[in-house]
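Me: I have a chain open on my screen and would like to go through it with you. Could we take it step by step?

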Amino acid sequence: SADAARSAPKGFGMAAGNMTVASAAEAVLASQKDLGGLSTQTKNDLVRLVMAGFSSTVAQCFVHGVETIKVRMQVEGNGPRPPGYVVKYPNVYQGGLYLYRHEGVAGLYKGISAAAIREMSYSSLRFGLYEPFKRMMGETDPAKTEIWVKVAAGALAGITGSALANPTDVLKVRMQAAEGPSRSVMSHIREVLADGGWSAFYRGVNATIIRAAILNATKLAAYDETKYMLKRNHILEEGMQLHFVASMFAGVMVAATTSPVDLIRTRLMNQPKGEKHYNGMLDCLRKVVKAEGISVLYRGFTPQWMRFGPFTIIQFMVWERMRILYGMKGI
């Protein structure tokens with residue numbers, strides 16, 4: 001029937017998504033055989049790293065286009081324009097249309113290869129280390145863990161991941177900000193090296209670490225605390241509905257807390273070759289606010305939220321689903 005035909009793609013998509021997550025979980029289960037000499041806790045910690053990287057990469061594939069628009073909006077800024085200059089990225093809708101018309105779908109997905117590498121390294125650590133850090137701080141019962149422990153564990157995991165994965169962040173931002181025909185990852189790597197050697201890959205690292213600490217502390221603590229609050233008050237039981245509500249709230253909180261430092265980080269990472277406009281985070285903040293007003297710190301907030309909202313929901317729901325399939329207790 002027509003109704004069946006219309007519902008088929010949706011059902012197929014859901015089935016395909018479940019198969020993908022199930023296949024990944026099976027692969028993780030198979031890899032457990034190679035970890036025979038380790039304790040159960042150590043095995044689970046290592047498996048969580050793999051699950052975190054996979055779930056984050058899946059989420060990134062869904063939202064990468066919106067993030068590219070956000071980067072273009074942040075780079076363009078609100079500053080004085082030369083006579084006759086036409087703003088290309090005034091908002092997420094018009095900016096998206098401009099990008100699509102001039103660079104096509106490929107333009108929206110510039111930097112996806114660097115983004116995938118970033119998620120498999122950075123996000124593996126920032127998610128996978130959250131629970132070990134909580135244990136280090138004395139957690140014994142997740143249901144009774146104080147909020148400051150969750151915030152501190154999230155921040156430490158974010159700092160660890162971002163410090164190691166900053167080069168992939170630099171590549172991703174440069175690739176997304178570059179207008180015109182797409183270029184390979186190697187082309188951008190050579191450009192960064194020519195611009196300042198290996199140290200150029202750590203341009204904006206202070207901003208990245210601060211952003212990661214705020215982002216991860218907000219995201220994981222908000223999700224963790226919301227989940228247990230809803231369960232404790234018998235509003236929702238463990239399951240997909242609970243995961244959806246908690247992750248949606250966490251996404252809103254992340255967008256609100258990270259937008260200003262995200263803009264500063266983007267400006268620092270995207271300084272043109274041979275031109276150093278800013279001497280660190282505070283100098284960048286001062287100059288940007290002086291030239292463009294304090295509201296510029298939330299320029300790109302809409303695509304920021306459009307990226308963080310779906311990303312956080314997909315990331316947590318895939319992660320929780322993989323844990324269930326593996327036989328591991330949820331966060």
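**Walking through the chain**

Reply: Happy to! Leaving aside residues up to four places away in sequence, Gln60 touches Glu67, Ile112, Ala115, Glu119, Arg307 and Phe311. Please keep in mind that this is a predicted model.

Me: Is Gln60 buried or exposed?

Reply: Gln60 lies in helix H2, which covers residues 40-76. Buried means under 20% relative accessible area. Because the relative accessibility of Gln60 is 1%, this residue counts as buried.

Me: Which residue has a side chain joined to that of Gln60 by a polar contact of 2.9 Å?

Reply: Good one to look at. The side-chain polar contact of 2.9 Å joins Gln60 to Glu67.

Me: How many of the 28 residues of H8 are buried?

Reply: Helix H8 takes in residues 205-232 and reaches 39 Å from its first C-alpha to its last, close to the 40 Å expected. Just after H8, His234 takes a positive phi of about 60 degrees. H8 itself is mostly covered, and its buried residues number 20.

Me: Which residues of H7 are buried?

Reply: Helix H7 has twelve residues, 185-196, and reaches 17 Å, close to the 16 Å expected. What covers its buried residues includes helix H6 (147-177). The buried residues of H7 are Ser187, His188, Ile189, Val192 and Asp195.

Me: And which residue with a positive phi follows H7?

Reply: H7 runs over residues 185-196. The phi of the residue that follows is near 70 degrees, and that residue is Gly197.

Me: Which residues make the nonpolar surface patch of about 290 Å²?

Reply: Tyr109 is partly exposed. The nonpolar patch of about 290 Å² is made by Tyr100, Val105 and Tyr109.

Me: To finish, what share of the 331 residues in the chain is buried?

Reply: The accessible surface of the chain comes to about 15500 Å², and 66% of that belongs to carbon and sulfur atoms. Buried residues make up 49%.

How values were computed:
Residues numbered from 1 in each chain as written. Predicted model: local features only at pLDDT ≥ 70, side-chain atom pairs only at ≥ 80, totals over all residues. Heavy atoms only, no water. Patch = residues over 30% accessible without salt bridge, like charges linked within 9 Å, V, L, I, M, F, W, Y side chains within 5 Å. Areas by Shrake-Rupley, 256 points an atom, 1.4 Å probe, with all protein chains shown as cover. Salt bridge = Lys/Arg side-chain N within 4 Å of Asp/Glu carboxyl O. Buried < 20%, exposed > 50% of the residue type's maximum accessible area, 1.4 Å probe, protein only. Helix = DSSP H or I, 4+ residues; strand = E, 2+ residues; numbered from the N terminus. Expected span 1.5 Å × (residues − 1). Polar contact = N/O pair within 3.5 Å; in protein donor to acceptor, adjacent residues only side chain to side chain. Contact = heavy atoms within 4.5 Å.
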